[in-house]
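Student: I would like a close look at a single part of this model, the place where two chains meet. Please take me through it in one connected answer.

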Amino acid sequence: MRTALILLVFALLLALPFLPGLLFMRRRRDELPLHVDPEYSRDPLFFGEELRQKYQEMSSGLAAVNGTLTQQDRADMSAQSEWLTPLIVSGTTRTAEQVQLGEVYLRGGGLLGNENKVGAIIADHDLRAGDRLQVSRFLDVRGQLIIGADSNLGVSAASTARLTLQPGTVFQRLYGQPVVVEGQTLHLTDPPPSVGDQYLWARDSLRIPKNQVLTDGVICHGALYIGADSTILGDVKVYGDLHLLHGAHISGNVVVRGSIVLHGNNKIQGHVHTEKNLFVASGSILGGPQVQLSFYVAGRTVLAPNVMIHGYLVADRGGRVLQSGETSLERELQLSTVSEPSAAELSNVGQKG
Amino acid sequence: MVLALIFLMQTYVTLVTLVIVVYIVRHLWFTLARVMLKQRPSFQDMWRSADWPRVTIVIPMHNEELVAEHALNAMLNVDYPHERLQVIPINDHSSDATMHILNDFAERHPLITPLHRDGGNRGKPSGLNDALALATGDIIVVFDADYEPPRGLVRMLVQAFTDPEVGAVMGRVVPQNPSKNLLTRLLDLERSGGYQVDQQARHALDLIPQYGGTVGGFRRKVMQGLGGFDPRVLAEDTDLTFRLYAAGWKVAYVNRAECYEEAPEDWGVRYRQLRRWARGHNQVMLRRTWAFLSSPYPTKLQKFDGALLLAVYLQPLLILTSLVCCLLLFMLNALPPGLGLTWAAGTIAYSAVGNLAPFYQIGAANVLDGMGSRLLLLPMTIVAFVFNMFAASEGAWQAIQDLVRNRDAQWEKTVRFKEKV
């Protein structure tokens, strides 16, 4: 009897850890698999598409409206007014200073005054915003989008045409054809050269002298410095930081574990992926008019004036446009301490097929 | 003689226990790195509107009439530019309606180019080699026949080749049928631990993420440069991973590139699947370890992690044999104090399924996935541990015999459970 009791207690204790799991399965809770969206497709215009669809459903009565859905032929809003319920404007929209808007669908174009605050705007034509615009969610414009100085663009600012930024603007995602930081306009006319299949391979840092043309790509396990006016006709992979000195040019994709610093008048004609920061000095062009590219920055992004970006820039930890005359970029990066590489430095390099 | 045997068994159990401890520390490191460290970004956040490379999707099929239509419809639905896409379903010696289904799709959709194989070796590596000769894509993306990729998956995978060092890419596999029975529940736990924590940590720590043979891709020219797949190896995915690293290439893991799979619902099917994996993986260990460790390209840490990864499917055989030794030593009253307990604690801590993920790794993965209630199932993994120990041990033993007898392994197809369209 005592043995049987001991065995019973032993069996119960042995089964105890399995009971919660057995009950979990018996109750048939949590039956669905981990959710994978079968229709997910990455799109820089995703936010705008979703809101457009929502507005279409609201205006046709298919979706509930949070508040009152208002449809107007045109809108003229006076200073310090606010409109926080859903609004569709079929004509043009003008707002004065310090107007506050919720979610707005501008079927015509729009002109926003200074210091406006908006939740989200979708527009089917050009939109121009004054200085110090504050966006809490996103802007999506099927036309030109011009943003005034010292603005905050929220999660995303996308334009199917030119997106123009002024100094002092902060952002997270930018999409434009192209994105232009206001100033001198630069046009890329030469087509991207073909990218080679061979790579220079460096175990440590590599400094490429000025005025060189490398027909191979570069894989560098340290920092890579590309001398002034030098060109790399291939893809570049760098484990440290990448510095393109004044006028340097890369024709292929750029994948960097460290930060990327473009010192000025640089061109990159491939996709860019960096695990740290991206600093772009004046006169630089990323991408080309024929090639919409992707620029992913896991860290911060800083753009100087007179910069042009063709494609989609994602700045995971935010980005900003430098103020005119601001020298913090130079101070932050100590650009003056980066010396020009000499010709003898291109020796510690191997070849990889 | 008996004393010498006892000493040998004591030494063996001690060594196996030490090896298990090394694996426990390794997986604890992965788990902590996944939970606490900043994750290295992968390539899924990139986007492009043009200049997509030409891609060939290859789907090996052997008697896949139950799933062929699902798979091909999913391929036609992907948002990759169709003018840059080619789909090659491989009808590999099928005797059911697979051939007719493929031909029917090919007639209606010009981007589908079926490859019918009724001669030569049957099996995935041989089929892939034939498909490579037919492929026009710069990038080859492979799906097993029971996989149905979401619309944006191929783009996400292909973006990884922006990195010129990436020779292959791997996405995440998610079981579609976790609540079917205890086995599918356990496989779901295993997949979570294996991908959400293990693969992601190896990617973040710059170690050896593994190309898994499905929901992944590789550069065609690189594969052709390596001489194609070895038809004698059952685990062509592990084989490719280590050949790539030995040649200076890397494997990228994209955690957000998720794709449903059908997990085996029958213990017999699972036993054969795991036995094949273990046999193939150990074949690779026996063939590729030296080339990998002597390559100048991987770092020391990658070599250490790679060596442990190569030996991972040898562990069940080591555990099983050391368990027998433990029992013999116990009966001979020669089990040193503490050793048996350490062995038991080690194996219990290490006990899990498939990828041999410890319970803390599976737990962390489910919490990260927002599936915390599934932690209640964790003690059940002991069932899978015992089951897997036998299946994987048999596979490891077969791999050793393959080497000794210089024999070729036969490919075993995994049975499908999905109902026909």
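Student: How many salt bridges are there between chain B and chain A?

Tutor: This is a predicted model, and in it the count between chain B and chain A is 7 salt bridges, while a search over all chains of the whole structure finds 37. One of the salt bridges joins Asp45(B) to Arg42(A), with 3.6 Å between the closest N and O atoms; that distance falls inside the cut-off of 4 Å used for a salt bridge. Polar contacts were counted as well, and 19 residue pairs between chain B and chain A are in polar contact, with both residues at pLDDT 80 or more.

As for where the chain B side of this contact comes from, strand 5 (166–175), helix 6 (182–204) and strand 7 (250–261) of chain B each supply at least two of its residues, and strand 7 of chain B gives the most, with 4 residues. Sorted by class, the side of chain B that touches chain A has 22 nonpolar, 18 charged and 11 polar residues.

Turning to the extent of the interface, 51 residues of chain B are in contact with 52 residues of chain A. The size of an interface is often given as the accessible area lost when the parts come together. Here the area buried between chain B and chain A is about 4,500 Å², and carbon and sulfur atoms give 58% of that area. Of the area that chain B buries against chain A, 16% is supplied by Asp45(B), Trp47(B) and Pro164(B), more than by any other three residues.

A few features of chain A complete the picture. Within chain A, Lys54(A) forms a salt bridge with Glu103(A), the closest N and O atoms being 3.2 Å apart, and this pair links distant parts of the chain, since Lys54(A) lies in helix 3 (residues 46–59) and Glu103(A) in strand 6, 49 residues apart. Elsewhere in chain A, a cis peptide bond with omega of about 0° joins Gln177(A) and Pro178(A), and Pro178(A) is found in strand 14 (residues 170–181).

Chain A also has a nonpolar patch on the surface, whose residues include Leu5(A), Val9(A) and Leu22(A) and which together have about 770 Å² of accessible area. Helix 1 (2–15) and helix 2 (19–26) of chain A each supply at least two residues of the patch, and the largest share, 5 residues, comes from helix 1, where Leu5(A) is found.

Key. Residues are numbered from 1 along each chain as its sequence is written. Chains are lettered from A and ligands numbered from 1 in the order in which they are written. This is a predicted model: local features need pLDDT of at least 70, side-chain atom pairs count only at pLDDT 80 or more; totals for chains, interfaces and linings use all residues. Side-chain values use heavy atoms; hydrogens and water are left out. Patches are made of residues with over 30% relative accessible area and no salt bridge: like charges are joined within 9 Å, nonpolar side chains (Val, Leu, Ile, Met, Phe, Trp, Tyr) within 5 Å. Accessible areas come from the Shrake-Rupley method with a 1.4 Å probe; for residues, only the protein chains shown count as cover. A salt bridge is a side-chain nitrogen of Lys or Arg within 4 Å of a carboxyl oxygen of Asp or Glu. Contact means heavy atoms within 4.5 Å. Buried area is the accessible area (1.4 Å probe) that two parts lose on being put together, summed over both. A polar contact is a pair of N or O atoms within 3.5 Å; within protein, one must be able to donate a hydrogen and the other to accept it, and residues adjacent in sequence count only if both atoms are side-chain atoms. Ala, Val, Leu, Ile, Met, Phe, Trp, Tyr, Cys and Pro count as nonpolar, Asp, Glu, Lys and Arg as charged, and the others, Gly among them, as polar.
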